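Student: Let's go through this one together, question by question. Can you show me the model and start with how helix packing is described?

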Amino acid sequence: MLIDAAALRQDFPALRQPVADRRRIYLDSAYTSYMPSIVQEVLDNYHRQSRRAFYRLDPAHSHSLQVARGTVGSFIGASAEEVVFMRNGTEAINLVAGAWGRVNLRRGDLIVVSRLEHHSNLTPWQLLTREVGAELAFIELLPDGSLDLCSLDRHLATGRVKLVATAHISNVLGTLTPVAEITRRAHAMGSVVLLDAAQSVPHVPVDVRALDVDFVAFTAHKMLGPTGIGVLYGKRSVLEMMPPFLASGSVADQVGYRESIWKKPPARFEPWAPPSADAEALAAAVRYLQGVGMEAVAEHGRTLVRYALHELAQIDGLTIYGPRERGPIVAFTLEGISSSKVAALLGRQGIVIRAGLHNAQPLHQYLSLAATARVSFYLYNAEHEIDTLADALVTLVAKAAGRK
Ligand SMILES: Cc1ncc(COP(=O)(O)O)c(C=O)c1O
């Protein structure tokens, strides 16, 4: 193990709070992660010290926002000007649909998404296709839950694909999608690529230049940062060609009665008072992750997920969904016990997991599943927590069998 999770946990006071009088075993970081105290302190200090009502006049404010932008940009291999602060990942995707899609898509065009998308990377495209008369097409899944790139090729071969939008890591199956390859194929056919990196930026090194994607959306609250801030990365050349998403005086250099001259990106896409406190806290979360090292975070995730796959596979009546090589997420069902009941019963033992559709209802329909239970890991989790989970599941199965 490259990470000493026990030592690291000391940085996360919330993890020390018991659940149901038991030691908290938090296995739901794919939903939201905890903040280390250092990030919490940045937030608290900001609100305590700087009542920055006149933020636009405060040079310290704009400087720290720019520093935060640069920190977040360099974390993903981008420049500060390519980082747009949004309210979350969902809004980032909606910006691309609204500002890029409305201008660049017409009747007959195709938007390709995979079958495993989170609702946030599906519903904006549904609205857009209706509005402009374009259509949605899907990258199918292979039996193990990985992407069938032949189906992507078939869509690309029509010459109608303008956008391919895919998750980097599925929030249900853990599938790691082959982004660089998808981008290579999509670009060769003139399509733009959007990456929903909500589940990958927190867990694996992401380099937007190496992946060559045009847009990337992700969110702070899954990567040790606060809620209420997300990021849209856009290639500078692409952002420069886009109109604002939400218009206001703040996104314009000059406003006339009929026309306005828009600011350069990223200011063109940030019509509100800058989310300075959250941006600084996100930057602190990035520095924390960089301090641990993203290669170590990724290796820790791989170790835990392999261990979990091995341990859970031993349990009678438990079915795991998704490929072997994956992000730190495992969705499963237990024969004879509903997923919501599994989550509730584990919760009574201090083990926090999630059950339901995980904002991926079409994927569950595609797999003919009513719901799944999902465990997910982060840098503060350890193998012994997976042992406790596995023991608790074995007991649930035994009790359910006893009742038959
Ligand atoms: C794959 C994926 N995409 C998008 C989102 C939405 O992120 P946000 O909460 O920032 O809107 C999530 C959140 O669960 C997700 O897992």
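Tutor: Axes are lines fitted to C-alpha atoms, for helices over the stretch in contact, and angles run from 0 to 180 degrees between N-to-C directions. Helices (H or I, at least four residues) and strands (E, at least two) are DSSP runs, numbered from the N terminus. This is a predicted model, where local features need pLDDT of at least 70 and side-chain atom pairs count only at pLDDT 80 or more, while totals for chains, interfaces and linings use all residues. Residues are numbered from 1 along each chain as its sequence is written.

Student: Are helix 4 and helix 5 roughly parallel or antiparallel?
Tutor: Helix 4 (residues 89-104) and helix 5 (residues 123-132) have axes that come within 9 Å and cross at roughly 20 degrees. Angles under 35 degrees count as roughly parallel, over 145 as roughly antiparallel, 65 to 115 as roughly perpendicular and the rest as oblique. So helix 4 and helix 5 are roughly parallel.

Student: How many nonpolar residues are in the contact of helix 4 with helix 5?
Tutor: Two residues are in contact if their C-beta atoms, placed from the backbone, lie within 7 Å. Helix 4 brings Ile-93, Asn-94, Ala-97, Gly-101 and Arg-102, which meet Pro-124, Trp-125, Leu-127, Leu-128 and Val-132 of helix 5. For the classes, Ala, Val, Leu, Ile, Met, Phe, Trp, Tyr, Cys and Pro count as nonpolar, Asp, Glu, Lys and Arg as charged, and the others, Gly among them, as polar. The contact of helix 4 with helix 5 has one charged residue, two polar and, for the class you asked about, seven nonpolar.

Student: Is helix 2 roughly parallel or antiparallel to helix 10?
Tutor: The axes of helix 2 (residues 37-49) and helix 10 (residues 276-292) come within 8 Å, crossing at roughly 160 degrees. Therefore helix 2 and helix 10 are roughly antiparallel.

Student: How many nonpolar residues does the contact of helix 2 with helix 10 have?
Tutor: On the helix 2 side, the residues include Val-42, Leu-43 and Tyr-46, and among those they meet in helix 10 are Ala-281, Ala-284 and Tyr-288. By class, this contact of helix 2 with helix 10 has one charged residue, two polar and, as the answer, 10 nonpolar.

Student: Which element gives the most to the side of domain 1 that touches domain 2?
Tutor: An automatic or database domain assignment sets the bounds, giving domain 1 (5-35 + 293-393) and domain 2 (39-291). Their contact takes 29 residues from domain 1 and 32 residues from domain 2. Helix 11, strand 12 (329-334), helix 13 (361-366) and strand 15 (372-376) each supply at least two residues of the domain 1 side. With six residues, the one that gives the most is helix 11.

Student: How many polar residues are in the shell around the ligand?
Tutor: A residue is near a molecule if its C-beta atom, placed from the backbone, lies within 6 Å of it. The ligand is surrounded by 14 residues, and the closest are Asn-88, Gly-89, Thr-90, Asn-171 and Thr-219. The shell has two nonpolar residues, one charged and, for your count, 11 polar.

Student: Where is Pro-266?
Tutor: Most peptide bonds are trans. Here a cis peptide bond joins Pro-265 and Pro-266, with omega at about 0 degrees. As for the place of Pro-266, look in the loop between strand 10 (260-262) and helix 10.
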